[in-house]
Each structure stands twice: as C-alpha cells, then as structure tokens.
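Subject: Structure for you to look at

Hello,

Here is the structure I said I would pass on. My notes on it follow below.

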Amino acid sequence: MGTFAPEQYKETLIFLATAGVVVPLFRRLKFSPVLGFLGAGVLLGPYGLGALARQIGWLAPFALDNVEQIAPVAEFGIVFLLFMIGLELSWQRLAIIGRLVFGLGALQVFGSAAALGAVALILGEPPTSAAELGFALALSSTAIVIPVLAETKRLGTTAGRTIFAVLLFQDLMVAPLLFMVAMLGMRGGGLGMAVVSFLVPALTGLSVVVLGGRLVMRPLFRHVAAAGSTEFFMAACLLVVIGTGVLTAASGLSMGLGAFVAGILLAETEYRREIEVTIEPFKGLLLGLFFVSIGASLDLSHILSAPLMAFGLALGIIFVKFCVNWLAGWIARLPVRVSTEAALMLAPGGEFAFVIITAAVSAKAVPADAGAEAMIAVTLSMFAVPFLGALAKRLARRAAAPEPATLVEPGVDGPAPDAIIVGFGRVGQLVGDMLYTHAIRYVAVDTDAALVTRFRGEGRDIYWGNASRPGFLTRCGLAKAKALIVTMNKPADAEDIVRDARAGHPDLIIVARARDAHHATLLYGLGVSDAVPETIEASLQLSEAVLVDMGIPMGKVIASIHEKRDEFRKILQPIAGRAEARRAIKMSLRMKEMNKRQPKSKTE
C-alpha cells in the first residue's frame, strides 16, 4: 500500500476553499466573483503568499506554489465556456450576427493589431516581433468579459451582443494567428511546409468534428437519454466537450474552438436544455480555477521592480484598444453608447495572448524579455475588466433608451414562450393542441426520449430533460412565461416543480394535474393557481355525458358542471390553507424539539 501524500491534494483543497469563500462574499459585497478569483490567485500564488512561505514555513500549506500543476485543468474553464457559448448560438443565429462577427470583429482585430504593432515598432521591436505582439495584444478576454456581462445583466443588450460578436471573431482568429506564428518562426521549408505541417491537420481535425458531430452526437444523446440515467448523461456531456477539445488540440487548433463547434452542433437538438443545466456547474468551477491560475501567474517581483513600466504598458494597451474599438464602432454605424460600452469591455488584453506570445517566444519570433513584459501587461489589464464592466453599466443606465431587436439574444430561441408544458403525454398533448388552437406559443418538456424525438420531428418546440432540476425551466424561458402547466404522472416531481416555480415567480399562473382530491389539496398548499384532480374531473365528464344523453339541454348541463367544479375548488383551497398551517406548526414544534435536544454552550 502506497504512502499517502497530503501535499498532492493541496492545490485542489485551496481552490475549493477559495471558491466557497470568494463567491458568497463577493456576491454579498456586490462585486464580480471574477475579481475575487483573480485577487485570490495573486494573494495565494507563488509570487504572493508563496514568496512569504519561503521565509515563514507555516504559511506553505496555504500557498499555491505549483501553478503549472493546475494549468492544464484550468484551461478547461475556457473550453467549457466556449462550449456553452456554442450551445447558445446555432448556425442560424451565427448567420444573424455574421455582419458584426466578420465586419466589426475584423475591424477591431486588424485595427488594434496595426495600432499596437506600430507602438511596438516605435519602442524598438523588430517588425516580426511587433506584428506578433500587435495581434496577440489585440485579442480580448472571452473568459472574463462574458461572465462580467452576465453578472451585470448586459449580455442580452445590443452592446452585449455586439461585444459577443467581436469576441467570437477573436476566438476564430486564434487558429490563423497560431499558423502565422508557426510560419514566421519557421527556419526552413517555407510556406509550403507551414501549410502541410499546420493548416492541413487543422482543417482535417475541424472537418472531423463538424461531420462526425452531425452524424454521431444526436444518436449518442438519444441512446443515453433512453437509458434514463443522470450519471450517464453527464458522462456523455463531458465526453463531447473534452473529446472534441482534445481532437482539435491534437490537430493544432485550440481546444476551445472544437468545444465551440460541438456546442453549435448540439444547439438545435432536443437535449440542449438538459446539457446546459448539466454543464453549468463544471463551467463555473473551472472558470474560477482559470481566473485563480491567471492571478497566480502574475509576477509581483517584476511589477515592483518596474511599476511604472508595467502599469504604463497595461494602461497603454487599454487606451489604444479603446480608441480603435470606438472608431470601429463608429465606422460600423453603431450608436455612440453601444460603441463606448463595447470599446470599454474589449480594451483589456485576453487569455489567448498568453498562448500566442508563448508560441512566438518558443519560435524565437518574439524576444523572451519582450514577451514576458507583454504578458505581465496583459494580466494587469485583465484585472481591469470588472471595473470597466461596472463603468459600462453605469454609462448604460444614464443613457437608457429602448433598443431595437436587431439581434437574437444568446440563449433564447426567438420570442419567449407564453406557456411551458411539463409532461407531454396524452394530457400534455391535448393541452398543447388547445394552446395551439388559440395561437398561444408554448414549450414542452418530457423525459421520454422517443416521444421527444417524434414530436421534435413534427416541428413541435419540445425538449428532453428533467424539469425538477434547478435551473432547467429557467433555461426554457420560465422567467418570461405567463403560465406553467404541470401534467406529470409522478406526484413527487410535480410537487417539486410547483414549489420551486412558485418560490421564484409569485405572479406566474401554475395549473397542475392532480391524482385525486388529496393531491390537489397538497398542490394548492404549494401555491398552484388551479389543481385539476383526475378523479373529480372524470366524474364531472361522465355526469355531463349521461345528462346530455338523457335529454337535458347542453347549456344547463355545462352551467351545472361549472358550478360543481367551483364548489370543489372552494372546498379544496381552504383545506389546503389549513393543511399548510398544520405543516408549519408541526415544523415549528419539530425545530423547538431539536433545539431542546442540543447541548447548551458554556457561555449561555
């Protein structure tokens, strides 16, 4: 049996403790958690607490002194982020924002690269090094900007969608830029060798992801969904994200690009919502780890030795890129407010600058000292993103105005549904038919993979997934829906869905199917607007049929049925209220009993 080595788990435990402290604390302080993770990385990293630990030994267990060990895992933060971005797009949405992606995005990248490259030439860099540094510094931080936009609720605005489009073009430019690095650093073989050694494998890998994904991904998820196992579904999600990332990385492209393409391929499938809910926790944790690793890589000794140069370069990058970005927005005829907000958020450097500069230094296209100074300046500028996000939000509030719906908001399939039907069996299908007859747009959810596939093929807006999972119905548009109809035949799941929906949406109309009068009473206690007991409703329909067949006029029959239904509703609702009160009393007595059993502290 091997000897247990606690130090092997030190970085993992430190990160988990940091995540448990930083996120709640910074949310309470109304700061972006991104800033907290970056700051924690600086504080705990080898140039912060790690440096002190070399003199004060007892600090060593609390210091991140092996950033290289967590770097490969931290990289998956960007991979999962780009996969989620791909899920929120689809080829159709990508075509809608294509003008901004390839128009404004190209203006921003090439304009910033030209301006920053010219500055590097003025500072004495050779032309090749200046070109490499200009393009590397022109990129912005997708991994920080997108979460900050989401945190400030700006992602769905016109400015947010504009920023997203530019970031998307930047991510697509990473592969050509890496190809340029390889070509400039090549000492023999020329352009033909560069094409053979880099471009051909890259295009081959990307083709395999696209074609293989179209043929394999939907059948894979259909097979896993039919098994009904949450664990297997999670494994399939992780396999797709990591597998496509590794495949594109092996072909010379970035892992994030492969995951992004995989997300686009899955965006129009019936499994999209469940995939989003499954991947979200992984994305959040891994992005946090990425930000910690970025903060930990900031060499404070270089900054302290030449603070004016370090901060001057960072501010210079932000200023030059802000001017170029604002001018690009003006050329693209964007409103001044949108241009200003986009220019602010895109001005700092980005994580892909580290990849390109590292590759350029390895290829000897950029001097090592210039590369090190550039990476420190990029890191410092990335720390400014949350502050620039807060400034952009404040500017947007001052100039608040109605925004034209020129772009589709990421994560929304056009107009939000008016109703959501949970459970699309025979009852749910009839409800859907009635909603369709009255031109009410709805989204349906079911856990039967074959049923979902069949109705998806008929053009119904239906998704496969577990609606009782936190966040699933929110992904389906619950925040903007007017009604939630629960037709499931599993009482416990129906109760969980009603409870969570009512807690988050007090004004939402919730109509639920109930097994019997007792179940209806429980659902009323949980906050449904209407509960429809199967036994009572079946009795009323039988009564209606027999009365009409016996010659009683239809109008009188329908009126009496409505009166009887109202009587039952009036009976069940007060019972539900009394039942809720009894449950509250029992809970209170139970808590008092637990408090009595707990031993009193010595200070009491």
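Helix α4 passes α14 in a left-handed crossing. The model is a predicted one, so please read everything here with that in mind. The axes of these two helices, α4 and α14, come within 9 Å and cross at roughly 145°. On the α4 side the contact is made by V67, I70, V73 and A74, which meet L286, L289, F290, S293 and A296 of α14. Sorted by type, the residues of this contact are eight nonpolar and one polar, with no charged residue.

Both helices turn up again around α1. The buried residues of α1 are K10, E11, I14, F15, T18, A19, V22 and F26. Their cover includes α2 (33-44), α4 (67-74) and α14 (272-296). I also checked the length of α1, which runs over residues 10-28. With 19 residues at 1.5 Å a residue, α1 should span 27 Å, and its end C-alpha atoms are 27 Å apart, so the two values agree.

Next, the aromatic residues. Searching the whole structure gives ten aromatic pairs. One of them is F102 with F169, an edge-to-face pair with 6.1 Å from centre to centre and 90° between the planes. These two residues belong to distant parts of the chain: F102 sits in helix α7 (residues 98-122) and F169 in helix α10 (residues 158-184), 67 residues apart.

Are the two partners buried or exposed? F102 has a relative accessible area of 52%, and because the cut-off for exposed is over 50%, F102 counts as exposed. F169 has a relative accessibility of 7%; since buried means under 20%, F169 counts as buried.

Elsewhere, ring pairs join F221, F233, Y271 and W464 into a cluster.

Some totals for the chain, for your records:

- The protein chain has 27 helices and six strands.
- Of its 604 residues, 49% are buried.
- Taking contacts between residues at least 6 apart in sequence, 72% join residues at least 24 apart.

If you open the model, the contact of α4 with α14 can be found from V67, I70, V73 and A74 on one side and L286, L289, F290, S293 and A296 on the other. For the aromatic pair, look for F102 and F169.

Regards

Methods
Residues numbered from 1 in each chain as written. Predicted model: local features only at pLDDT ≥ 70, side-chain atom pairs only at ≥ 80, totals over all residues. Heavy atoms only, no water. Helix = DSSP H or I, 4+ residues; strand = E, 2+ residues; numbered from the N terminus. Expected span 1.5 Å × (residues − 1). Buried < 20%, exposed > 50% of the residue type's maximum accessible area, 1.4 Å probe, protein only. Contact = heavy atoms within 4.5 Å. Axes fitted to C-alpha atoms, helices over the stretch in contact; angles between N-to-C directions. Left-handed = near helix turned anticlockwise from the far one by under 90°. Nonpolar A, V, L, I, M, F, W, Y, C, P; charged D, E, K, R; others polar. Phe/Tyr/Trp six-rings, centres within 6.5 Å; stacked < 30°, edge-to-face > 60°.
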